[in-house]
Amino acid sequence: LSLSTSVEDDPTRATALINLSRLHRLQHGLQKAETSIDLALAITGIDSRLSAEAAYEKALLELAMNRPETALEWANKSIAAERGNALGSRLNLAGRIQLVRGRWSDADALARKALVENRSAGQLEEEANSLRIMGIVARNEKNYDGGTQFLHEALLIDKRIGKSGKIAADLGELAETARKAGKL
């Protein structure tokens with residue numbers, strides 16, 4: 001960050017600020033994360049890849065700060081700015097935000113769109129995230145069998161790619177679905 005600032009390399013500076021924001025957010029330093037991402041967003045001349053990534057990180061931060069309405073605005077900016085193969089992950093984030101807001105049909109529509117994008121881009125982890133969202137929506141709409149099927153598909157993908165945190169999330173969602181279905 002210091003080097004890119006000293007030579008006025010704004011794209012590299014923006015990338016460093018986005019990464020710093022992500023690190024601070026993951027370490028629960030939300031104020032520092034907010035400062036870093038706001039600086040990144042303020043840099044003029046950021047190319048579309050960086051602006052999509054900056055908006056995505058801002059949406060994640062707003063969600064972590066329990067501000068789902070603002071998070072959704074930033075997620076939509078990220079979706080609009082995406083020009084690469086990360087559209088599926090950006091759609092998944094918007095779907096997750098809609099889950100938090102209790103907007104089941106919106107979450108499902110976004111996850112289904114994301115699923116298509118992720119499958120065509122070969123993004124297995126994001127494909128599992130789409131399926132997990134769809135499973136949670138199905139459960140909340142009392143379609144327990146459908147929810148179980150989606151969550152089981154997500155679990156199989158996460159086991160194949162070895163994502164232990166995601167495997168735990170899948171198992172937790174499967175347990176919650178079974179509980180809601182009365183299958184203790």
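The structure is a predicted model, in which local features need pLDDT of at least 70, side-chain atom pairs count only at pLDDT 80 or more, and totals for chains, interfaces and linings use all residues. Residues are numbered from 1 along each chain as its sequence is written, and side-chain values use heavy atoms, with hydrogens and water left out. The protein chain contains ten helices and zero strands.

**Overall fold**

- Along the sequence, the pattern of the protein chain is α-α-α-α-α-α-α-α-α-α. Helices (H or I, at least four residues) and strands (E, at least two) are DSSP runs, numbered from the N terminus.
- The protein chain is as compact as a globular protein of its length, because its radius of gyration is 18 Å, close to the 16 Å that the globule rule gives for 184 residues. This radius is taken over C-alpha atoms, and the globule rule is 2.2 Å times the number of residues to the power 0.38.
- Taken along the principal axes, the C-alpha atoms of the protein chain fill a box of roughly 60 × 30 × 30 Å.
- Of the contacts in the protein chain with a separation of 6 or more, 53% are between residues 24 or more positions apart. A contact means heavy atoms within 4.5 Å.

**Surface and charge**

- Of the 184 residues in the protein chain, 44% are buried. Buried means under 20% relative accessible area, exposed over 50%, and partly exposed in between (1.4 Å probe, protein chains only).
- The protein chain exposes about 9,500 Å², and carbon and sulfur atoms supply 53% of this area. Accessible areas come from the Shrake-Rupley method with a 1.4 Å probe; for residues, only the protein chains shown count as cover.
- The protein chain has 26 positive and 25 negative charges, whose mean positions are 4 Å apart. Lys and Arg count as positive and Asp and Glu as negative, while His and the chain ends are not counted. Each charge is placed at NZ of Lys, CZ of Arg, CG of Asp or CD of Glu.

**Helix H2**

- Helix H2 (residues 10-26) has 17 residues, which should span 24 Å at 1.5 Å a residue, and the 24 Å between its end C-alpha atoms agrees. The expected span is 1.5 Å times one less than the number of residues in the helix.
- The buried residues in H2 include Ala14, Leu17, Ile18 and Ser21.
- Histidine 28, which follows H2, has a positive phi, near 65°.

- Helix H6 (residues 87-101) is largely enclosed by the rest of the structure, because eleven of its 15 residues are buried.
- Glycine 102 follows H6 and has a positive phi, near 75°.
- Glutamine 98 lies in H6 and counts as buried, at 7% relative accessibility.
- Not counting residues up to four places away in sequence, glutamine 98 touches Leu72, Arg103, Asp106, Ala107 and Leu110.
- Glutamine 98 and proline 68 are 30 residues apart in sequence, and their C-alpha atoms are 8.1 Å apart in space.

- Serine 78 belongs to helix H5 (residues 68-81) and counts as buried, at 1% relative accessibility.
- Not counting residues up to four places away in sequence, serine 78 touches Ala52, Ala55, Tyr56 and Arg90.
- Isoleucine 136 is part of helix H8 (residues 124-140) and counts as buried, at 13% relative accessibility.
- Leaving aside neighbours within four places in sequence, isoleucine 136 is in contact with Leu99 and Glu173.
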